[in-house]
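Please look at the model below. Some questions and answers about its helices and strands follow.

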Amino acid sequence: MKQITVVSGKGGTGKTTIAASFAALAHNHVIADCDVDAPDLHLLFETCLKEKEEFRGSKEAVVDEEKCIDCGRCEKACKFGAIDGHTIDPILCEGCGVCAYVCPENAIMLRKKISGYAFISETKYGPMIHAMLNIAEEASGKLVALVRNKARKIAEEQGRELILIDGPPGIGCPVIASLTGVDMALIVTEPTMSGLYDLERILELTHYFGIVSLVCINKYDINKENTNQIIEFCQRNGVNVISKIPYDPIVTEAMVAGKPVVEFSDGKVSRDIGEMWDNVMYALK
Amino acid sequence: MIISIASGKGGTGKTTIATNMALSLKNVQLLDCDVEEPNAHIFLKPEIKQQISVYTSVPKIDETRCDYCGKCAEFCEFNALVALKNKIMVFLELCHGCGGCPIVCPKNAITEEDKEVGVVKKGVAGDIEFICGELNIGEPMAVPVIRRVKNEIDDDKTVIIDASPGTSCSVVAAVHGTDYCILVTEPTPFGLHDLKLAVEVLKKLGIPFGVIINREGIGDQNVQGYCKEEGVPILLTIPMDRRIAEVYSRGVPFILEMPEWKEKFLELFDKVQSMRS
Ligand code: SF4
Ligand code: SF4
């Protein structure tokens with residue numbers, strides 16, 4: 001079984017558009033939307049929900065007012081500044097349990113909380129695992145791991161050979177969780193100074209984890225000079241630029257229609273994505 | 001006044017708004033809290049005068065004292081410690097630096113050690129005081145770096161905070177305690193879906209907010225519809241304009257080449273100021 005993650009470093013470069021098109025082009029695969037704090041892939045597929053699971057990724061501390069004697073030890077012990085007097089700010093609390101440990105009156109309890117949900121849905125392109133992190137939750141890396149586990153299980157059960165992962169933007173914990181142990185990363189970038197700078201950082205990350213990376217320059221014609229700069233940068237670093245996709249408003253039209261662009265149109269963008277997909281599959285083998 | 005700029009979806013124009021706004025105002029501090037992929041420096045080209053390392057404390061185990069009782073591993077909520085028969089394995093990237101394991105260890109075998117997780121850069125860009133956080137590559141946790149950047153807030157200035165995209169802990173850390181949040185979105189189904197999520201975050205935090213619609217003209221009218229229905233103020237609309245996109249791609253704040261926009265950013269600031277109360 002192979003796993004490939006589509007990432008971008010910078011947000012809004014077209015990662016999900018490309019992942020959705022890949023999902024429509026691939027065969028015998030499982031789709032995993034690992035952008036768990038802003039999942040969008042389901043907006044491009046008709047999904048039929050099969051299973052929903054509570055995700056209890058973290059805990060929170062709660063004070064029993066009756067037992068509390070206001071000694072102030074918990075406030076002093078909390079490294080996250082989450083305790084003021086004996087009130088705990090649930091937003092700042094990381095659920096470490098130090099306060100509960102130091103409390104001489106056993107007045108603090110750690111409670112598991114529901115931090116989100118994981119879903120298994122059926123789409124016409126195959127099964128999709130997705131998730132929704134509750135607002136302002138932190139265990140996003142753990143939820144990504146849960147989504148990936150479920151995807152692997154389904155792939156094994158159904159004899160599917162590929163897991164296609166739509167990753168989150170950035171380089172932090174959920175991105176790392178989306179990348180560990182995959183066979184390949186496809187990095188979608190854009191020819192802007194921000195795109196180039198962010199590409200350098202995400203490439204450093206994939207190198208750090210030893211993951212083979214390919215680069216796709218989306219909307220390459222909005223600034224050809226920058227496109228050349230990205231290509232040169234990739235060449236210098238031995239990274240393959242696998243595709244250059246032109247800017248075309250059809251991409252947004254497809255999004256508005258709620259369809260992967262390759263299904264919505266057979267124009268240049270769709271042909272380019274199709275060709276890129278063939279090359280990605282070739283590189284994966 | 002502290003204004004944060006956030007968005008559910010990435011790439012909607014947060015940094016564009018933050019930098020153009022900073023350039024339009026006086027007595028400003030700009031804090032780049034998108035520490036995973038900070039971009040404001042590309043546009044403002046600040047002169048960096050000081051670089052500060054950000055550390056978290058992580059456990060260090062003294063093998064001569066440890067008798068492998070495993071109490072530390074049992075305590076750690078983040079599975080950063082695993083007790084084997086004659087070894088404690090430490091997974092530093094999972095450690096939140098809570099300081100719990102040194103307290104629970106009955107043999108006093110654990111001390112805390114500093115680990116660098118990122119840097120904060122301080123400098124100036126013209127009249128703007130510039131501060132930016134950068135997460136080290138391979139480090140998963142952005143929040144300590146964001147908090148460190150926010151330590152630099154100067155209450156006598158107008159503070160503009162550029163947050164990371166999404167709705168998770170990094171975003172919360174960046175917008176927490178700010179007086180007003182500007183949500184930047186684009187008029188597409190992704191933009192709307194992620195805007196709704198971001199709105200939930202701000203409601204939960206009790207921070208007043210308004211919306212900027214960027215690249216108006218692409219996509220559909222549903223963001224407008226949503227804002228109207230929910231009574232969310234639309235502070236500014238920026239049309240889809242190839243020129244703006246081209247100026248952006250070169251890493252230039254567009255008011256420098258399209259000065260007619262400065263007025264709009266001043267109006268935006270006035271609106272925000274009046275709405276905060
Ligand atoms: S659980 Fe940890 S983070 Fe939460 S209040 Fe207690 S000491 Fe602070
Ligand atoms: S400091 Fe806290 S999070 Fe880190 S290893 Fe010790 S108990 Fe775990």
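Helices and sheet

Q: Is the crossing of H7(B) and H8(B) left-handed or right-handed?
A: Helices here are DSSP runs of H or I of at least four residues, and strands are runs of E of at least two, numbered from the N terminus. A crossing is left-handed if the near helix is turned anticlockwise from the far one by less than a right angle, and right-handed if clockwise. That of H7(B) and H8(B) is right-handed.

Q: Are H7(B) and H8(B) roughly parallel or roughly antiparallel to each other?
A: This is a predicted model, where local features need pLDDT of at least 70, side-chain atom pairs need 80 or more, and totals for chains, interfaces and linings use all residues. The axes, lines fitted to C-alpha atoms over the stretch in contact, with angles from 0 to 180 degrees between N-to-C directions, cross at roughly 30°. Angles under 35 degrees count as roughly parallel and over 145 as roughly antiparallel, with 65 to 115 roughly perpendicular and the rest oblique. H7(B) and H8(B) are therefore roughly parallel.

Q: Which are the edge strands of the open sheet in chain A?
A: Nine strands form this sheet, in the order E3-E8-E9-E2-E10-E1-E11-E12-E13. Two strands pair if DSSP finds at least two bridges between them. Pairing on one side only marks E3 (48–55) and E13 (240–245) of chain A.

Q: Which residue in E9(A) stands opposite A:Ser121?
A: Strands E8 and E9 of chain A run antiparallel, joined by eight bridges. Residues are numbered from 1 along each chain as written, chains lettered from A and ligands numbered from 1 in written order, and side-chain values use heavy atoms without hydrogens or water. Opposite A:Ser121 stands A:Met128.
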